[in-house]
Amino acid sequence: MVELMELLRGSRDDRGLRTAALLRRSHPADKELQLAGLLHDMGQMLRPGDGARHAVLAAEAVRPLLGERVARLVRLHAQAGAADGADAADGADGPGGDADAVATLRQARETAAACGPDAGVLEDWRPLLELVAAGARRAAGNAIDPLGLPRGSVPGPGGRGAGRGAGATSWPERSP
């Protein structure tokens, strides 16, 4: 989570914040959609100038932390922009059926580019990022059991789990 927040702080504009703010207002119950709005251009921060692959890169980076749906929305938003929604709708109606969410994300992204509401600050999004990340860990079977160890972990010396723990993510390095 720390690495993700640092990456987002390095953004040169607040389009992701404005997109997320628009989605928070229009779809307050869809937390994953809001985060997809916040993170939709993250791939351009990870590898500037990588063209169309930025959405795939961003989706792969957020999947382990925030789950499959956020990753799918981040990936499909670029296809929606590139092909007027046709390719994105094909992929979105498959597992998860998020064609409407992809269209909503695209519309919010375009509105945020033209002008948008006060974007607020990045730190306002940390609790939601942590909430969705916790849900993604539970969905992946990495929930903490009553004894405090992630399911499936092997206790290390002294009875404590070894390694970096559940949900640890290594973000791809940014290009210079």
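I began with the surface: the accessible area of the protein comes to about 9,300 Å², and carbon and sulfur atoms hold 52% of it (Shrake-Rupley method, 1.4 Å probe). The model is predicted, with local features requiring pLDDT of at least 70 and side-chain atom pairs pLDDT 80 or more, while totals for chains, interfaces and linings use all residues. Residues are numbered from 1 along each chain as its sequence is written, and side-chain values use heavy atoms, without hydrogens and water.

I then looked up burial. Of the 176 residues in the protein, 41% are buried (under 20% relative accessible area).

Next I recorded the secondary structure. The protein has nine helices and zero strands (DSSP runs, H or I of at least four residues for helices, E of at least two for strands). Along the sequence the pattern reads α-α-α-α-α-α-α-α-α.

I also checked contacts (heavy atoms within 4.5 Å). Among those with a separation of 6 or more, 65% join residues 24 or more positions apart.

Helix H2 (residues 15-26) packs with helix H8 (residues 99-114) at an angle of about 125°, the axes being 8 Å apart (lines fitted to C-alpha atoms over the stretch in contact, with angles from 0 to 180 degrees between N-to-C directions). On the H2 side I noted Arg15, Arg18, Thr19, Leu22 and Leu23, and on the H8 side Thr104, Leu105, Ala108, Arg109, Thr111, Ala112 and Ala113.

Note on methods:
Buried < 20%, exposed > 50% of the residue type's maximum accessible area, 1.4 Å probe, protein only.
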